[in-house]
Amino acid sequence: MVVAAGHAHGANPFMLTGARTTQPVGHYELCKRMPSECDPGQAASRPVELTRKLWKTMLEINHAVNVAVTPKTDYEIWGREEVWSYPQGVGDCEDYVLEKRRLLIEAGVPSGNLLITVVRQPNGDGHAVLTVNTSYGDFILDNLQSRVLAWTDTDYRYLKRQSTRNAGAWVGIEDGRSVAVGSVR
């Protein structure tokens, strides 16, 4: 199968993860409210096979959720920050991620291959995206992007994501892409 997205020259198609790190407070509270969202038994034994059918499903779900949900902050919706929930027509970045994850699980993708990921945008703002761990590498579903991209083809700095071994645990991401060109250490 040929995938429409490429990878930055020399970049690893799979994110390199490091040690266990802190769980976002919104995810911690989601796990308390909905323990099945963080079931450690959802481990991924290997990347999910990226077929033409799965690629089409990823594109369709990314588009459908991006169109169906109107962006609003947690403060606008709930009157406080960091409330992770399934969107009811409105939501912030984590809410988009949760809905895309739910729909991909319904489509047959193992939950251990659908990883909530925290990134830093080029402007410095924090953001959440959904990483789909596939046989062709890690791909990003994002409410700020209509296309599904290889993680290496985004402008984000990757900070941490759910562990493939335990949905309630988080690991750091060793994002060395920013030092690949024009940097001296």
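The model is predicted, with local features needing pLDDT of at least 70 and side-chain atom pairs counting only at pLDDT 80 or more, while totals for chains, interfaces and linings use all residues. Residues are numbered from 1 along each chain as its sequence is written, and side-chain values use heavy atoms, with hydrogens and water left out. Helices (H or I, at least four residues) and strands (E, at least two) are DSSP runs numbered from the N terminus.

**Helix H4**
- H4 covers residues 93-106 and spans 20 Å from first to last C-alpha, close to the 20 Å expected (1.5 Å times one less than its number of residues).
- Of its 14 residues, 10 are buried (under 20% relative accessible area, 1.4 Å probe, protein chains only).
- The buried residues include Cys93, Tyr96, Leu98, Arg101 and Leu104.
- Gly108, which follows H4, has a positive phi near 105°.

**H2 against H4**
- H2 (residues 52-68) packs on H4 at about 140°, with the axes 10 Å apart (lines fitted to C-alpha atoms over the stretch in contact, angles from 0 to 180 degrees between N-to-C directions).
- Contact (heavy atoms within 4.5 Å) involves residues including Ile61 and Val65 of H2 and Tyr96 and Leu103 of H4.

**Strand S9**
- S9 (residues 170-173) runs antiparallel to S1 (residues 17-21), joined by 3 bridges (pairing takes at least two DSSP bridges).
- Trp170 in S9 is the bridge partner of Thr21.
- S8 (residues 157-162) also pairs with S9 in the antiparallel sense, over 3 bridges.
- Val171 in S9 stands opposite Arg161.

Conventions. Buried < 20%, exposed > 50% of the residue type's maximum accessible area, 1.4 Å probe, protein only.
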